[in-house]
Amino acid sequence: MNEVSSSETVARAALEKPPAVPGALFARLFARVRNRPEWVCLPLTLVLVIGGWEWYVAAYKVSTLILPPPSHILSALHTGLASGVYVKALLVTLQAILLGFLLSASVAFILGTLISQVRLIEATIYPYVVALQTLPKIAIAPLILVWVGLGIESKIIIAALVSFFPMLVNTIVGLKSASADKLELMHALTASRIKTFFLVKLPEALPYIFAGLQIGIVLAVLGAIVGEFVGAKAGLGYLIIQMNYTMDVAGMFAVLVILGVMGVVLNVLIAVLRKRVIFWQRTDVSAI
Amino acid sequence: MNVVDGLAAGRQAFGTRPAGAPTIRCLGVSKVYETIEGERIHALADIDLAVHEGEFVSVVGPSGCGKSTLLRLLAGTLPKTAGEMFLRGSPITGPRRDIGIVFQTATLLPWRNVLQNTLLPVDVQGLDKTTYTARAHNLLQMVGLAGFERKYPFELSGGMQQRVSITRALVHDPAVLLMDEPFGALDALTREQMNLDLQRIWAAARKTVFLITHSISEAVFLADRVLVMSARPGRIIAELNVNFSRPRSLDVMGTPEFGRLVTQIRHDLAASGALD
Ligand SMILES: Nc1ncnc2c1ncn2[C@@H]1O[C@H](COP(=O)(O)OP(=O)(O)OP(=O)(O)O)[C@@H](O)[C@H]1O
Ligand SMILES: [Mg+2]
């Protein structure tokens, strides 16, 4: 019975009276699972959805050109990864995403700082920023391709454009969020503007800035993929378009899986960084 | 109530202070706020007061009478409408470094630990870190926070946080300590303990203290002198000397003299219409 693992064991341990040494382990495991049922329910949901999907496609004989079963997607994923095609495309797209995101985050931070701290800049620039924000950024993508070409530069720029505004707005809101108490304290201590900025305003803004980064990274992925749709010579978005032409639907799903995993990993990385940097915060500031 | 009488009482008391330049001096200070709707709120009217070197002065008054306003004027964070204010002989024109302030809430920076919070004025004012770190350790020891230097504010109780804010107010060795209802947010037991601690700190640090409070017994227990303010526009309507020997124990609160002072202040407040 020691060979059997995961939820099945847990369920069995629940039914049987636990035997000697390994039994004690299961009893402990069971006690923990009883407190945190989501440890079982969360993976179980995935298993049910994928199993149901597989069963549905087989039972109703759905064309694999419309909805391939998970097993086909898995084998497409396997061959694609083994041949190195996906990895090459992933690296191209990831590079565009990260460079676009870094560019966008840096500019958003610098411009956000200027807008939030210098009244004249706020009055001069911010109205245009707000007006431009209403523009659907993706609509500019073809234009960017015309200007910059089919290479990775156009993807970087589109990823940066699409992810820019939430990060800018969050920086501005965050840098203005320091409480009146703290600002009065700094004023009473005769703090200079620079000191007040670095000692109070910036740390106070960090939760907002990180919330912006978390939205921004998702949008940077979107921007890079859209850029590759519009015109490219490599990348995951380019791969999807190619597979679309050849009706390789299982392959398209495989690329979607890769995109999904990449998105989750990027988000978790930022979340981990956020937790380390903003160690004093217990509750999350909701994203703006 | 008769405003002129109250004013006269304040002036007269002011006149009886001992000679020598006072540490804090206000002459005919008043403050009018302009609200956004253009309404003019007369918060303080014609305040005269003097606080001497090393003296502990408490101010009591009804809510909204302008106590915090007075403290902000002294701290230089708020411009006055009329009158003159001096700190150690020089006019108060803005925030200055020879003042330490304790607010009603501790206002600690959550990303700084206890020692770093205490050292905030040192960082802000670019003072020598080594010298003042030693001083900060002494102060933390004095308020009973030795061993908590590396703890963060969210790991402290409300009383401990307020102790840190007191060490922060004292670390740069200011001549004057201004306190705006520093213990108002604490429970009664913690508050009594903080009163004892503050007395001890004051005795050790020999600062001039200007304490605003809602609590009449706290004012009497701690102060050499209690100033009583009227309802808005705030004026000083009475002044009482408190002559218990120091250090005072909490038992002082049970003496007839203590009761007499508290009753007297109640009467003064009631006469000004504060307790309607
Ligand atoms: N910025 C402001 N603008 C307009 N009116 C103000 C402003 N600040 C305070 N006031 C008014 O001035 C009066 C005095 O305020 P202040 O905060 O000094 O009172 P306080 O004596 O400290 O009251 P409390 O005991 O409740 O703290 C109040 O009536 C208040 O409404
Ligand atoms: Mg007040």
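**Entry 1: terms and ground rules**

I call a pair of N or O atoms within 3.5 Å a polar contact; within protein, one atom must be able to donate a hydrogen and the other to accept it, and residues adjacent in sequence count only if both atoms are side-chain atoms. This is a predicted model, so I note that local features need pLDDT of at least 70 and side-chain atom pairs count only at pLDDT 80 or more, while totals for chains, interfaces and linings use all residues. Residues are numbered from 1 along each chain as its sequence is written, chains are lettered from A and ligands numbered from 1 in the order in which they are written, and side-chain values use heavy atoms, with hydrogens and water left out.

**Entry 2: ligand 1**

For Ser63(B) the distance is 2.6 Å, for Lys67(B) it is 2.7 Å, and for Thr69(B) it is 2.5 Å.

Arg232(B) turned up again when I checked peptide bonds: a cis bond joins Arg232(B) to Pro233(B), with omega about -5 degrees. Pro233(B) sits in the loop between strand E9 (225-229) and strand E10 (236-241) of chain B. For these labels, helices (H or I, at least four residues) and strands (E, at least two) are DSSP runs, numbered from the N terminus. I also found a cis bond from Arg246(B) to Pro247(B), with omega near -5 degrees. Pro247(B) belongs to the loop between E10 and helix H9 (256-271) of chain B.

**Entry 3: where the chains meet**

Next I asked myself how many residues of each chain are in contact. I found 18 residues of chain A touching 24 of chain B, where contact means heavy atoms within 4.5 Å. The area buried between the two chains is about 2000 Å², and carbon and sulfur atoms give 71% of it. By buried area I mean the accessible area (1.4 Å probe) that two parts lose on being put together, summed over both. Glu184(A), Leu185(A) and Leu189(A) supply 28% of what chain A buries against chain B, more than any other three residues.

Glu184(A) also meets Arg72(B), side chain to side chain, in a salt bridge of 2.6 Å from N to O. My rule for a salt bridge is a side-chain nitrogen of Lys or Arg within 4 Å of a carboxyl oxygen of Asp or Glu. Across this interface the rule finds one. I also noted six residue pairs in polar contact between the chains, both residues at pLDDT 80 or more. On the side of chain A that touches chain B, the elements giving two or more residues are helix H9 (180-188) and helix H10 (193-230) of chain A. H9(A) gives the most, with seven residues.

**Entry 4: salt bridges elsewhere**

I searched the whole structure and got 18 salt bridges over all chains. One that I followed up pairs Glu204(A) with Lys182(A), whose closest N and O atoms are 3.1 Å apart. Glu204(A) lies in helix H10 of chain A and Lys182(A) in helix H9 of chain A, so the pair ties together parts that are 22 residues apart in sequence.

**Entry 5: a sheet in chain B**

Which order do the four strands of the open sheet take? I read E2-E1-E4-E5 in chain B, with antiparallel pairing; two strands pair if DSSP finds at least two bridges between them. Strand E2 (40-51) and strand E5 (90-91) of chain B are the edges, each pairing on one side only.

Strand E1 (residues 24-34) of chain B pairs with E2(B) over eight bridges. Along this pair I found Val32(B) opposite His42(B) and Cys26(B) opposite Leu49(B). The hairpin of E1(B) and E2(B) has five residues between the strands, and there Gly38(B) takes a positive phi near 90 degrees. Five bridges join E1(B) to strand E4 (residues 82-87) of chain B, with Ile24(B) opposite Leu87(B).

**Entry 6: one last angle**

I also looked up Asp173(B), a residue other than glycine whose phi is positive, near 55 degrees. Asp173(B) lies in the loop between helix H6 (158-170) and strand E7 (176-180) of chain B.
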